[in-house]
Amino acid sequence: MKEYQFPVPPIFILLIGVISISFSSIFVKWSDAPASILGMYRLLFTVIVMLPFLPWKKIKTGAINIQWKDWIQLLLSGIFLGFHFLFWMDSLRYTTVASSMIITTLEPVFVMIGAYFIFKERTNLIGIVSIIIAVSGSIIIAWGDINLSTKALYGDFLSLAGTLAVAIHMLFGQVLCKKIPTSIYSFCVFFIGGFVLLIYNLSYEIPLIHYSVHDWGIFVLLALVPNIFGHALFNWLLKYLDATTISMSILGEPIGAIILAYLFLGEATSISQMIGGALSLIGVSMFLKNKGLSNKELTTNASVKSANT
């Protein structure tokens, strides 16, 4: 089998994705719009951008067959993605970028726990130790925020809820991306997530259109930068690279977001955030490395995936 040849080293593509998603928290902080509005337009504008790039010929000829069970899983995956953006974006109103972003590094841990109960995937002693280290880091962050204010602690809980939601979304994606093209999967879950937030905004009578030009610009930037050049780019890379490699690279998001928050927002990082963040990153890194494949297996998987596309 002939290996897929990237026009540039994959590390550069991964770097573009990490930098792009790191800007997400900065854009949220720059807008005064409600979190549910930010999340809704972020997802729906992404759907509009993706429309011309869908495999329309395969869709029209019926080459893509999605069973009713897959549609149910797509629906649930999109719903939890919508909840993720609602909770995580709202957390930035109450806590710092550093605390909110570092807590999201627990996502692989929650995915592992879900995979144990759903797919019967077991974790060895090193995996369990890495989970304890990562959770300890989050506790230190939360404890430091208690000393700041209960408002900051509430933001930490929102970030944690958003991380749980996206972990469930990823578990559905683990199954669905093996059955349907990633472009179709991304389009569907983005649309469903955006529609869920639309219903939420209508239910709470949150204005849909009365926002400044500045806010509308932020909506577009959220769709183009962290979604198209971030999440959608990672989904595309899943065709050629192992998911563990991509997940490991995403660990750079909190670091990038904290640096950007210091540069663009002037947010300082507390000692508890630095210590807790370091522990969380160490724990999650240990977990992903423990779950990772060897370089030989990564090359083989990339070759097989590229041969099938």
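Predicted model: local features only at pLDDT ≥ 70, side-chain atom pairs only at ≥ 80, totals over all residues.

Guide: Residues are numbered from 1 along each chain as its sequence is written, and side-chain values use heavy atoms, with hydrogens and water left out.

Visitor: How are α3 and α11 oriented to each other?

Guide: Helices here are DSSP runs (H or I, at least four residues), numbered from the N terminus. Helix α3 (residues 35-50) and helix α11 (residues 213-237) have axes 8 Å apart and pack at an angle of about 60°; axes are lines fitted to C-alpha atoms over the stretch in contact, and angles run from 0 to 180 degrees between N-to-C directions. Angles under 35 degrees count as roughly parallel, over 145 as roughly antiparallel, 65 to 115 as roughly perpendicular and the rest as oblique. The relation of α3 and α11 is therefore oblique.

Visitor: At which residue does α11 bend?

Guide: α11 has 25 residues and spans 34 Å from first C-alpha to last, close to the 36 Å expected at 1.5 Å a residue, the expected span being 1.5 Å times one less than the number of residues. A bend is the angle between axes fitted to the seven residues ending at a residue and the seven starting there. For α11 this angle is about 45°, at N227.

Visitor: How many charged residues has the contact of α5 with α10?

Guide: The axes of helix α5 (residues 68-91) and helix α10 (residues 182-203) come within 7 Å and cross at roughly 55°. That makes α5 oblique to α10. The contact (heavy atoms within 4.5 Å) includes W71 and L74 of α5 and Y185 and C188 of α10. Ala, Val, Leu, Ile, Met, Phe, Trp, Tyr, Cys and Pro count as nonpolar, Asp, Glu, Lys and Arg as charged, and the others, Gly among them, as polar; by class the contact of α5 with α10 has 15 nonpolar residues, four polar and, as to charged ones, none.

Visitor: Is the crossing of α3 and α5 left-handed or right-handed?

Guide: The axes of α3 and α5 come within 8 Å and cross at roughly 135°. A crossing is left-handed if the near helix is turned anticlockwise from the far one by less than a right angle, and right-handed if clockwise. The crossing of α3 and α5 is right-handed.

Note on methods:
Helix = DSSP H or I, 4+ residues; strand = E, 2+ residues; numbered from the N terminus.
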